[in-house]
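This report describes the fold, the packing and the surface of a single protein chain. The sequence and the structure are shown first, and the description follows.

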Amino acid sequence: MSDLKKDAESIRTGAQALRRVTHHTHRPLQAFSEQAHDLSALGALGSLLGAKDDIAEAMGTLGRLTRELNEEWREQAKAMTEISDAFDQLDALLGGDDKG
């Protein structure tokens, strides 16, 4: 197996793993975002200290940043797949294709 083919396979594997990350974060992120609207666990203390709004805002920010990070990971996975495909094509053009 040529180096380009090995590199392409490695990059493709990394891209697949990166895509799976967003599947693992979807439900926890959704639950976290929903909890930002229900901070009743803070009770009266949270209201008295004015912490409820600050905590809700911070949770919203964390949720938004996580969604943006997931989008960045999806874009990186797409780019990695394109690079892997380009390596495969280059390997075939250079005659390293073992199929013939």
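This is a predicted model: local features need pLDDT of at least 70, side-chain atom pairs count only at pLDDT 80 or more; totals for chains, interfaces and linings use all residues.

## Helical architecture and packing

R64 is partly exposed, because its relative accessible area is 38%, a value between the 20% limit for buried and the 50% limit for exposed residues. R64 belongs to helix α3.

The chain as a whole contains three helices and zero strands, and its elements follow the order α-α-α from the N terminus. Of its 100 residues, 15% count as buried. Among contacts between residues at least 6 apart in sequence, 78% join residues at least 24 apart.

Helix α3 covers residues 51-93. At 1.5 Å a residue, its 43 residues should span 63 Å, and the end C-alpha atoms are 62 Å apart, which agrees. The buried residues of α3 are M59, G63, N70, A77, T81, S84 and D91, and they pack against α1. Just after α3, G95 adopts a positive phi of about 90°.

Helix α1 comprises residues 3-35 and includes T22. With a relative accessible area of 11%, T22 is buried, since the limit for that class is under 20%. Leaving aside residues up to four places away in sequence, T22 touches N70, W73 and R74. One of these, N70, is itself among the buried residues of α3. A polar atom of the T22 side chain also lies 2.9 Å from the backbone oxygen of R19.

| Residue | Relative accessible area | Class |
|---|---|---|
| T22 | 11% | buried |
| R64 | 38% | partly exposed |
| L65 | 40% | partly exposed |

Which residues make a nonpolar surface patch? F32, L62 and L65 form such a patch, of about 250 Å². L65 is located in helix α3, and its relative accessible area of 40% makes it partly exposed.

Notes:
Residues are numbered from 1 along each chain as its sequence is written. Side-chain values use heavy atoms; hydrogens and water are left out. Helices (H or I, at least four residues) and strands (E, at least two) are DSSP runs, numbered from the N terminus. Buried means under 20% relative accessible area, exposed over 50%, partly exposed in between (1.4 Å probe, protein chains only). A polar contact is a pair of N or O atoms within 3.5 Å; within protein, one must be able to donate a hydrogen and the other to accept it, and residues adjacent in sequence count only if both atoms are side-chain atoms. Contact means heavy atoms within 4.5 Å. Patches are made of residues with over 30% relative accessible area and no salt bridge: like charges are joined within 9 Å, nonpolar side chains (Val, Leu, Ile, Met, Phe, Trp, Tyr) within 5 Å. Accessible areas come from the Shrake-Rupley method with a 1.4 Å probe; for residues, only the protein chains shown count as cover. A salt bridge is a side-chain nitrogen of Lys or Arg within 4 Å of a carboxyl oxygen of Asp or Glu. The expected span of a helix is 1.5 Å times one less than its number of residues.
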